[in-house]
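Visitor: Hi! Could you walk me through this protein chain? I'm new to reading structures.
Guide: Happy to. Let's get it up on the screen.

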Amino acid sequence: MNDDTTGARRRVSNSVASLDREIVDDLVAANRILARLNVLDAFGHVSMRDPRDPRRYLISRSIAPESVAAADIIAVDLDSRAVDREDDDKLLYRERFIHGEIYKARNDVNAVVHSHSPTVVPFSVTRAKLRPVLHNAGFLGLGTPLFEIRKTEGDGTDLMILTPALGRSLARALGKEAAVILMRGHGNSVVAPSLPNAVFRAYYTEVNARQQLAALSIGGPITFMSKRESITSNEAMLKASARPWALWRKKALAPEKGGGE
């Protein structure tokens, strides 16, 4: 398989050709936004449930998130297989099973972000639990379970989610309420009812981790948000996330608008 086929760069896949271009651009923007906010680096990925068919999702072929363009977006089924045979020559993310298995398990989830968000990782390997200190991150109060791959696969893995079985184990550990799951020594996966909110949550998970780490370094007990405060804040931010999304999206797509595609 070739990771940079000429056809993949020239035209939009048939599997997404019938989509409104704004939807494709949203997913392109989400990748670029999270790369520019230093949540994603050369690795990590973003997906959204296909609005045409809830048994599918949209994701980029395997490419650095900041480089994603419309021609890189393809549709895959919930078993994480390309929908159209024309996309079989495109290298897919090896950890795409994170997305497919979460969509199977959670009907309320319409977008997923998997990242190696740098300040979050220490909370996956220590006793300190990631909890909301910032009102924008109230969704963390819904729970931040930890996925320990050794419980499913034993010792000796590379900590990556490379099979449907591991994806299912991750989805079970996420549960029915949490918006974020930490992955020991690896990163985290964020889920949300919409793509803009998933981007918002992925970013503020990292921000909250930095601020919680700063509070820990100051010393003394930390006053975390209560469960009721977390729920109220989360409901408010589901709407408020539209403001930063509009700003981030405009900036992320600005260069593309000038050059055409």
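Visitor: What radius of gyration does the chain have, and what would a compact globule have?
Guide: This is a predicted model, and its chain has a radius of gyration of 18 Å. A compact globule with 261 residues would be near 18 Å, so the two agree.

Visitor: And what does the C-alpha trace span along its principal axes?
Guide: The C-alpha trace spans about 55 × 45 × 30 Å.

Visitor: How many helices and strands are there?
Guide: You can find nine helices and seven strands in the chain.

Visitor: What share of the residues is buried?
Guide: Buried residues make up 52% of the 261. As for the accessible surface, it comes to about 12,000 Å², and 52% of that belongs to carbon and sulfur atoms.

Visitor: Okay, let's zoom in. Which residues of helix α6 are buried?
Guide: Helix α6 covers residues 164–174, and its buried residues are L166, G167, S169, L170, A171 and L174.

Visitor: Is there a reason some of those numbers are three or four apart?
Guide: Here's a general point that helps: an α-helix has 3.6 residues a turn, so residues three or four places apart point the same way.

Visitor: Nice. What covers the buried residues of α6?
Guide: The cover includes helices α3 and α5 along with strands β5, β6 and β7.

Visitor: New topic: aromatic rings. How many aromatic pairs are there in the whole structure?
Guide: A search of the whole structure turns up four. One of the pairs is Y57 with Y103: their ring centres are 5.3 Å apart and their planes are at 40°, so this pair is tilted. The pair links distant parts of the chain, since Y57 is in strand β2 and Y103 is in helix α3, 46 residues apart. Both Y57 and Y103 are buried.

Visitor: What about Y203 and Y204?
Guide: Y203 and Y204 form an edge-to-face pair, 4.8 Å centre to centre with 70° between the planes. Y203 is at 17% relative accessibility, so it counts as buried. Y204 is buried too, with a relative accessible area of 15%.

Visitor: Which cluster do the ring pairs make?
Guide: Ring pairs link Y203 and Y204 with F200 and W248 into a cluster.

Visitor: Last one. Where is N208, and is it buried or exposed?
Guide: N208 is in helix α7, which runs over residues 195–218. Its relative accessibility is 0%, so N208 counts as buried.

Visitor: What does the side chain of N208 reach?
Guide: The N208 side chain reaches the backbone nitrogen of V133 at 2.9 Å. If you leave aside neighbours within four places in sequence, N208 is in contact with several residues, including V133, L130, P132 and L140.

Conventions: Residues are numbered from 1 along each chain as its sequence is written. This is a predicted model: local features need pLDDT of at least 70, side-chain atom pairs count only at pLDDT 80 or more; totals for chains, interfaces and linings use all residues. Side-chain values use heavy atoms; hydrogens and water are left out. Helices (H or I, at least four residues) and strands (E, at least two) are DSSP runs, numbered from the N terminus. Buried means under 20% relative accessible area, exposed over 50%, partly exposed in between (1.4 Å probe, protein chains only). A polar contact is a pair of N or O atoms within 3.5 Å; within protein, one must be able to donate a hydrogen and the other to accept it, and residues adjacent in sequence count only if both atoms are side-chain atoms. Contact means heavy atoms within 4.5 Å. Rings of Phe, Tyr and Trp (its six-membered ring) pair if their centres lie within 6.5 Å; planes under 30 degrees apart count as stacked, over 60 as edge-to-face and the rest as tilted. The radius of gyration is taken over C-alpha atoms; the globule rule is 2.2 Å times the number of residues to the power 0.38. Accessible areas come from the Shrake-Rupley method with a 1.4 Å probe; for residues, only the protein chains shown count as cover.
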